Amino acid sequence: ELNGYAQDHCLLSESIYVAPHGDDNNIGSTDSPFKTINHALSWAGASENSPVTIYLNDGTYSPSTTGEIFPLYLTSYINLVGQDSATVIIDAEQTERVITIDNVENIEIQGMTIRGGISSKGGGVYINNSSEVDLTNVNIIDNKAEIYGGGIYIEYSSSSNITDVTISGNECDNDGGGIGIAGSDPTLINVIISQNIAVHGGGLYLTGSNPNLTHVRIIENTAAGGGGMFLGDGFYPNWETNSVDFIIEDVIIANNHADWQGGGIMI
């Protein structure tokens with residue numbers, strides 16, 4: 001009866017609550033929260049006419065603390081909202097990518113720290129072929145990727161808004177230590193990209209994209225080429241164009257380092 005009630009409750013409710021002290025046998029309410037984000041996602045019957053917000057209480061959600069399994073797959077019309085970026089920690093503990101957003105729309109991630117992810121693309125967050133994806137008041141730190149986007153990787157996507165976000169301490173063995181953007185047109189506002197490491201584009205890597213950057217700080221990043229930012233062909237021969245045509249306003253690129261070319265920017 002409890003499981004049946006939980007199923008009906010979550011599929012019909014606009015709000016689901018999760019807390020590290022919760023229990024996945026609970027009903028996902030304020031006073032009876034689930035324990036894991038994955039369980040909450042499995043019960044969320046979100047649709048265009050009935051979006052679902054999953055509220056995360058303070059604490060750390062990880063394999064060792066809550067039994068969380070990664071990556072977290074977000075479906076359309078899901079909002080993942082933490083109480084505060086300093087107190088809500090989602091930590092994959094180097095087991096997998098933290099969050100995957102793939103072929104969906106209308107996603108909001110707010111008020112949390114995303115860390116400890118590892119993957120070939122987008123160690124912290126991977127956004128592919130998706131639209132209306134918003135990240136607000138989020139820290140993306142200490143993630144790693146093998147190929148593209150240590151902290152976050154966005155490809156073939158549109159209408160992504162990254163606002164009041166810190167991307168720091170991430171690594172990539174190839175392109176885009178902090179963030180990689182390919183074939184996408186996101187907007188970055190009030191973003192700090194710092195102390196990230198890659199081969200190309202320690203802070204930011206762009207190819208075939210037209211992003212807008214406003215009040216962005218790209219500082220103390222390191223790469224072989226393009227310590228702060230790398231703009232280039234990206235070796236994507238199947239694309240119609242690999243050019244970059246973007247707008248930057250009130251952007252500081254400072255104290256970055258490159259081993260061979262473009263300490264600040266390589267074009």
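Predicted model: local features only at pLDDT ≥ 70, side-chain atom pairs only at ≥ 80, totals over all residues.
**Entry: terms for strands**

I wrote down that helices (H or I, at least four residues) and strands (E, at least two) are DSSP runs, numbered from the N terminus. Two strands pair if DSSP finds at least two bridges between them.

I looked for the partners of E1 residues in E2. Serine 15 has threonine 53 as its bridge partner, and valine 18 has leucine 56. I then followed the chain from E1 to E2 and found that it crosses through helix H2 (residues 37-43), in a right-handed β-α-β crossover. Right-handed means that, with the strands pointing away from the viewer, the path from the first strand over the helix to the second runs clockwise.

I also checked E2 against strand E5 (residues 78-82): five bridges join them, and they run parallel. Isoleucine 54 stands opposite leucine 80 in E5.

Next I looked up burial, where buried means under 20% relative accessible area, exposed over 50%, and partly exposed in between (1.4 Å probe, protein chains only). Four of the five residues of strand E2 (residues 52-56) are buried, so E2 is largely enclosed by the rest of the structure. For E1, I found a covered face with Ile16 and Val18, and an uncovered one with Ser15 and Tyr17.

**Entry: aromatic pairs**

I searched the whole structure and got four aromatic pairs. Rings of Phe, Tyr and Trp (its six-membered ring) pair if their centres lie within 6.5 Å; planes under 30 degrees apart count as stacked, over 60 as edge-to-face and the rest as tilted.

One of the pairs is tyrosine 17 with tyrosine 55, which is stacked at 5.2 Å centre to centre, with 20° between the planes. Tyrosine 17 lies in strand E1 and tyrosine 55 in strand E2, so the pair ties together parts that are 38 residues apart in sequence.

Another pair is tyrosine 126 with tyrosine 153, stacked at 6.3 Å centre to centre, with 5° between the planes. Tyrosine 126 lies in strand E10 (residues 125-128) and tyrosine 153 in strand E13 (residues 152-155), so this pair ties together parts that are 27 residues apart in sequence. I found tyrosine 126 buried at 10% relative accessible area, and tyrosine 153 buried at 1%. Ring pairs link Tyr126, Tyr148 and Tyr153 into a cluster.

**Entry: the open sheet**

I checked how E10 and E13 meet: they pair in the parallel sense over four bridges. Isoleucine 127 has isoleucine 154 in E13 as its bridge partner. Both strands belong to an open sheet of eight strands, in the order E4-E7-E10-E13-E16-E19-E22-E25, with parallel pairing. I noted strand E4 (72-73) and strand E25 (265-266) as its edge strands, since each pairs on one side only.

Note on methods: Residues numbered from 1 in each chain as written. Heavy atoms only, no water.
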